[in-house]
Amino acid sequence: MSDVLFDAPGPRGRRRMVWINIAATLVVAGIGVFVLLRLAEKGQLAASLWKPFVQASTWTDYLLPGLKGTLEAAALSIVAAGIFGLVFGLGRLSRSRTVRFVAGLVVEFFRAVPVLLMMIFFYLGLNQLKLVSPQDVPLVAVVAGLTLYNGSVFAELVRSGVHNLPRGQREAAYAVGLRRGQSLRAIEVPQALIAMLPAIASQLVVILKDTALGYIVTYPELLDAARRVGAGNGNILQSLVVAALIFIVINYALTRLASLLARRLGGRTAGRTSAAAPALTVDVGRG
Amino acid sequence: MHSGYLDDLGTVLGQYDVLAAFWVNIQLTVYAGIIALVLGTLLALMRISPVPSLRWAGSTYVTLLRNTPLTIIIVFFVLGMWGQLGFTLGPDFPTNFFRLSVLGLAVYHAAFVCEAIRSGVNTVPRGQAEAARAIGLGFWPTARLVILPQAFRGAVAPLGNVLIALIKNSTVAAAGSVAEASGLMREMIENSSSVILGIFLVFALGFVVIVVPVGLATTALSRRWAVAR
Amino acid sequence: MRRGLLAPALLAAGALALGGCSSDDDSSSDDNSSGGSGKIRIGIKFDQPGLGFQDGSSYTGFDVDVATYVAGKLGYDEGDIEFVQSPSAQRESMLSGGQVDMIFATYSITDDRKKVVSFAGPYFVAGQDLLVAADDTSITGPEDLEGKNLCSVTGSTSAQRIKDDYAQGTQLLEQPGYSECVTALVAGQVDAVTTDDIILAGLASLPANKGKVKVVGNPFSEENYGVGLPKDSDKCEDINTAIKAMIDDGTWQELLDKNVGASGYKANEELNPPTPAACS
């Protein structure tokens, strides 16, 4: 699209572009220099504050275990949210009005409640109930919060995935004698799921970012580990920068994976595959 | 639930100003939403502009901000922008932290606004831009008169989703020293743990009451404003 | 109706999956019997430098050293001790659930907590105090905070106490942790950080903060740090004997100096070292 918004620039246009390029570079560089100068003035650029990050122990004792915690919570959440999404997504497609209504209520409720609120509730509630071992409470609270929210998002993806299939798919299923349930199971849902895959990969980014809320309920994830590095070395700002960079690298890789998936799976479903299809617009990132 | 439980819950709710806490979240959302809309539109314009450096700056911004946890961004604004760079936005602490958190929420969601508007731009058929160029319009008139008006109408649904996410994410401002709903909920549960489920449901339903109408309104708007093609 | 059964079933399945996953990390916690087995699990903080801190694969701090000494007197070698993270909100449930045998984690003895758990000790008497810039002479106590800026952790009662009892015109910054507060203090954006004096001393003893901040040394509350025990524990007397021995043989002072002495902090001598209270 963007390439047809404007003509290929002529000589005058190109000259003007050079000037705009220079101006833009100056603005960005100017902000950068200002920030760096102020940080240097406050001593935040001192090599000693960055040195911990080139020491192996900072990584093996803090950041990598923290990253493991982040990935573990994210992996558990994605599996649980997948199951939740499938069940309630099918519930919203059910013939029974009651089932549709209840599934819709559950999905809409958990989509509207902030994940942070759910995590705090589960953390404090599970400590009271003693259903799980206290050491596992933070993990369960994080996974439960992420599952309920993202599971609801997946339920919507399943539903819209089935709705977005061409009508002919179901009609063909009926024509060969399949009943509605069989058609859903054998024809529609599998294709909807394949169409969903890229969106699921994109949703992984959201889940990974949201595990960072886990530090509020004392779950030892990457942000928590970074904060502990900062507490021990007196370099909390530098630690947060490093944590942010790790998140950005992983999430960027996942985003690329999602669009790659979208392109490769296109031929295997009658639905539309896209990492940023309308279905995905329900995902807009959370904290 | 027997009536004793409800009485206890009522007593607890009476001791705190729950509505005031929600009002803070609504204010955070409104201010951050306006700034994010302006900034996000600007970013979207940069990303479809003919100037390579602006396109690059726009997409770098989106990549960086979209992939960073919001918590870290908010802490950066308070501890970094204010704590280290001395960037002050208000006469006293509460105002200052409120405005810093608004900015943190705004720069984060601007990346998503930008993507929403870009998806709106994608709904505008190529022929529209080609026709605009054919009658001699440059980039800016094309964008302003032809593309953006249609793009915004096509972007209502995704923009609505950004707004819903923003409402819920306003709870993360707790990390920026702003007293809002999630912090109050935690305080109330820790002080009156016997009615934990009731307290949670009150806050959860509070968000449902705010979020669901927004969702319904944007869905209705996106249908009414859809450009017939 | 079918749907009604599904959600609980799903939750149960999820809980099973979770249990299955986490149990290989801490297989020892499955066995809830305490003592006698030759191993002891001790709850500490992992994120408080100078008190209980996870330093790589080892643990450092005053709480850790006191715990190691006491465990030694109870007949446990250093190798028999397993340190477990005990966040404030989980201390009671970890004790009553049997996940830890005792807790040394800046655990103040209060009547409310005594209803659920038992305490030995106290082994230290802390008090709420202020951490200020090293060259600041204008703040000597909480009354001087009028019109000043104060930092504390989100949801803590210590900052509210200052606003309510001493200086109403104090502006408050709430941060997720004390290290964030110290960063704001060193940058000059807040004038003081408040919590228990020994926690502040631990922060001030960090190499990165040395010479930049100091503890005011004018505590205005009394927090008796005790050893948290399960309600039915029979270890209280033995622990108190160990604490007395530790104070008498000079180890107590030595451990205090080693962990938080670098900040120049001296414990409140009117109350320290404490005499352990009688076991109930």
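Visitor: What radius of gyration does chain A have, against the value for a compact globule of 287 residues?
Guide: This is a predicted model, in which local features need pLDDT of at least 70, side-chain atom pairs count only at pLDDT 80 or more, and totals for chains, interfaces and linings use all residues. Residues are numbered from 1 along each chain as its sequence is written, while chains are lettered from A and ligands numbered from 1 in the order in which they are written. The radius is taken over C-alpha atoms, and the globule rule is 2.2 Å times the number of residues to the power 0.38. A compact globule of 287 residues would come out near 19 Å, but chain A has 24 Å.

Visitor: How far apart are the C-alpha centres of the two domains of chain A?
Guide: Domain bounds come from an automatic or database domain assignment. Chain A splits into domain 1 (7-38) and domain 2 (54-268). Their C-alpha centres are separated by 40 Å.

Visitor: How many helices and strands does chain A have?
Guide: Helices (H or I, at least four residues) and strands (E, at least two) are DSSP runs, numbered from the N terminus. Along the sequence, the pattern is α-α-α-α-α-α-α-α-α-α. The count for chain A is 10 helices and 0 strands.

Visitor: What percentage of chain A is buried?
Guide: A residue is buried if 20 or more other C-beta atoms lie within 10 Å of its own, exposed if 12 or fewer, and partly exposed in between, with C-beta atoms placed from the backbone. Of the 287 residues in chain A, the buried share is 52%.

Visitor: Which helix of chain B gives the largest share of the side that touches chain A?
Guide: Two residues are in contact if their C-beta atoms, placed from the backbone, lie within 7 Å. On that basis, 55 residues of chain B meet 50 residues of chain A. Several helices of chain B each supply at least two residues, including α3 (52-66) and α5 (93-122). The largest share, 8 residues, comes from α10(B).

Visitor: Which element leads on the side of chain C that touches chain A?
Guide: Here 34 residues of chain C are in contact with 36 residues of chain A. α1 (2-22), β3 (52-55), α3 (91-96) and α6 (178-186) of chain C each supply at least two residues. The largest share, 9 residues, belongs to α1(C).

Visitor: How many charged residues does the side of chain C that touches chain A have?
Guide: Asp, Glu, Lys and Arg count as charged; Ala, Val, Leu, Ile, Met, Phe, Trp, Tyr, Cys and Pro as nonpolar; the others, Gly among them, as polar. This side of chain C has 14 nonpolar and 14 polar residues, and the charged ones number 6.
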